[in-house]
Amino acid sequence: MLQKMMRILAVSAGLVAISTATAASDYPNRPITLLIPVAAGGTTDIAGRALAKQLTDELGQTVVVENRPGASGGIANAQVARAAPDGYTLVLSYEGFHTGNPVLTKQLTWDPVKDFTPIAEVIRGPHLILVPANSPAKSLQDLIDLAKKNPGKLNFASSGVGSIQHLGGELFQITTGTDMVHVPYGGAAPAMQDLIASRIEVFITTPPTAMGHLQAGTLRALAITSAQRHPQLPDIPTTAEAGLPDFQLEAWFSVFGPAGMPDEVVQKLSGAMEKVITSDTFISAMREQGSNASYRSPQELGQIVKDDLAKWTKVVQTAGIAAN
């Protein structure tokens with residue numbers, strides 16, 4: 001009886017393995033869902049829609065974009081962490097949500113390393129230090145002086161707790177010896193609207209969300225947090241040129257799937273994404289929005305996640321931020 005049961009289990013396991021291998025070999029044979037963890041209109045959304053459009057052509061299957069904002073990326077990440085590891089539910093995650101949020105939140109229902117399969121880095125973006133057009137701060141030094149004269153009175157926005165805007169804002173305060181109040185939003189787009197309306201004083205964010213507003217004159221950029229000026233924003237000085245050489249900030253936006261995805265599916269997805277991300281069309285589209293197309297492999301992305309978890313843990317400890 002025991003031997004018969006063992007034979008049945010062995011046959012069942014074999015059938016499952018064959019089924020999984022077959023599913024992987026003809027992947028994808030139905031639409032793929034790409035979750036965006038913020039509201040429409042921000043850098044993640046812009047990059048995700050551009051990626052999905054070209055990936056649809058590359059894979060021969062529709063890649064559907066769905067916005068799942070909330071909980072600083074936690075809603076989208078939790079959905080993907082619970083999804084079947086078949087490659088049909090993915091998330092375009094953002095450095096702050098994926099490696100900053102876990103440092104600040106004790107009760108997460110997902111682990112940034114154990115619950116995900118790294119697939120590809122998509123873009124990297126420097127950050128702009130932005131103020132409303134009517135702000136008294138005409139330069140970065142003006143902003144620092146204003147914050148020092150008004151401790152605890154200036155508000156700085158972010159797209160959520162644990163986002164790079166949040167942690168970058170904390171790092172800015174550590175670097176400059178200032179004290180500002182953090183105001184989290186459900187994405188970069190709603191934060192931008194309040195900045196334009198002068199309901200908040202400062203927003204440190206990636207260029208795509210700000211480009212149109214800068215051209216319209218409704219915002220002022222005091223500096224860009226990269227080593228060189230951006231080709232689309234040649235008149236905006238770097239933080240070093242503006243007198244703050246120790247403050248540089250760059251964020252990655254990368255695609256992950258659930259843990260346990262078949263290697264064949266991961267390689268097919270990553271290979272297709274590499275073709276899209278390194279294409280002239282995608283590079284040009286991202287450059288126009290103020291970001292840089294930046295492909296990294298699954299192995300490289302996995303190491304980046306681990307390294308950044310360590311980096312942001314140190315920032316949070318230095319800033320004395322208590323985990324929620």
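Student: In this predicted model, which residues of H7 are buried?

Tutor: Burial is read from the relative accessible area, with under 20% counting as buried. In H7, the buried residues are Ala188, Ala189, Ala191, Met192, Asp194 and Leu195.

Student: What covers the buried residues of H7?

Tutor: The cover includes the strands E5 (128–132), E6 (155–158), E8 and E9 (219–224). It also includes the helices H6 and H8 (211–216).

Student: What does the backbone do just after H7?

Tutor: Ser198 takes a positive phi there, of about 65 degrees. Ser198 sits in the loop that runs from helix H7 (188–196) to strand E8 (202–205). The residue is not glycine, and its phi is positive. Ser198 has a relative accessible area of 30%, so it is classed as partly exposed.

Student: Where is Ala71, and what is its phi?

Tutor: Ala71 is in the loop between strand E2 (63–67) and helix H3 (74–82). Its phi is near 55 degrees, again a positive value in a residue other than glycine. Is Ala71 buried or exposed? The cut-off for exposed is over 50%, and Ala71 has a relative accessible area of 55%, so it is exposed.

Student: Which residues does the cis peptide bond join?

Tutor: Here one reads omega. Tyr27 and Pro28 are joined by a cis peptide bond, with omega at about -10 degrees. Pro28 lies in the loop between helix H1 (2–25) and strand E1 (32–36).

Student: How should I read the packing of H4 against H6?

Tutor: Start with the axes, then go to the residues. The axes of H4 (residues 95–104) and H6 (residues 164–176) come within 8 Å, and they cross at roughly 65 degrees. On the H4 side the contact residues are Glu95, Gly96, Gly100 and Leu104, and in H6 they meet Ile164, His166 and Leu167. By class, this contact of H4 with H6 has three nonpolar, three polar and one charged residues.

Student: Glu95 is in that contact. Which residue forms a salt bridge with Glu95?

Tutor: A salt bridge is read from the distance between a side-chain nitrogen and a carboxyl oxygen, with a cut-off of 4 Å. Glu95 forms one with Lys311, and the closest N and O atoms are 3.4 Å apart. This pair links distant parts of the chain, since Glu95 is in helix H4 and Lys311 is in helix H11 (residues 298–319), 216 residues apart.

Student: Are the two partners buried or exposed?

Tutor: Take them one at a time. Glu95 has a relative accessible area of 1%, so it is buried. Lys311 is at 38%, so it is partly exposed. The pair also belongs to a network of salt bridges that links Glu95, Asp308 and Lys311.

Student: How many salt bridges does a search of the whole structure find?

Tutor: The search finds 10. One of them is between Asp45 and Arg49, with the closest N and O atoms 2.9 Å apart. Both residues lie in helix H2 (residues 43–59), and they are four residues apart, about one turn of the helix. Asp45 counts as buried because its relative accessibility is 5%. Arg49, at 40% relative accessibility, counts as partly exposed.

Student: What is the N to O distance for Glu66 and Arg68?

Tutor: Their side chains meet in a salt bridge at 2.9 Å, N to O. Glu66 has a relative accessible area of 25%, so it is partly exposed. Arg68 is partly exposed too, with a relative accessible area of 30%.

Student: What describes the interface of the two domains?

Tutor: Look at contacts, area and salt bridges. In domain 1, 30 residues are in contact with 23 residues of domain 2. The two domains bury about 1900 Å² between them, and 68% of it is on carbon and sulfur atoms.

Student: How many salt bridges does the rule find across the interface of domain 1 and domain 2?

Tutor: The rule finds zero salt bridges across it.

Methods:
Residues numbered from 1 in each chain as written. Predicted model: local features only at pLDDT ≥ 70, side-chain atom pairs only at ≥ 80, totals over all residues. Heavy atoms only, no water. Axes fitted to C-alpha atoms, helices over the stretch in contact; angles between N-to-C directions. Helix = DSSP H or I, 4+ residues; strand = E, 2+ residues; numbered from the N terminus. Contact = heavy atoms within 4.5 Å. Nonpolar A, V, L, I, M, F, W, Y, C, P; charged D, E, K, R; others polar. Buried < 20%, exposed > 50% of the residue type's maximum accessible area, 1.4 Å probe, protein only. Buried area = accessible area lost by both parts, 1.4 Å probe.
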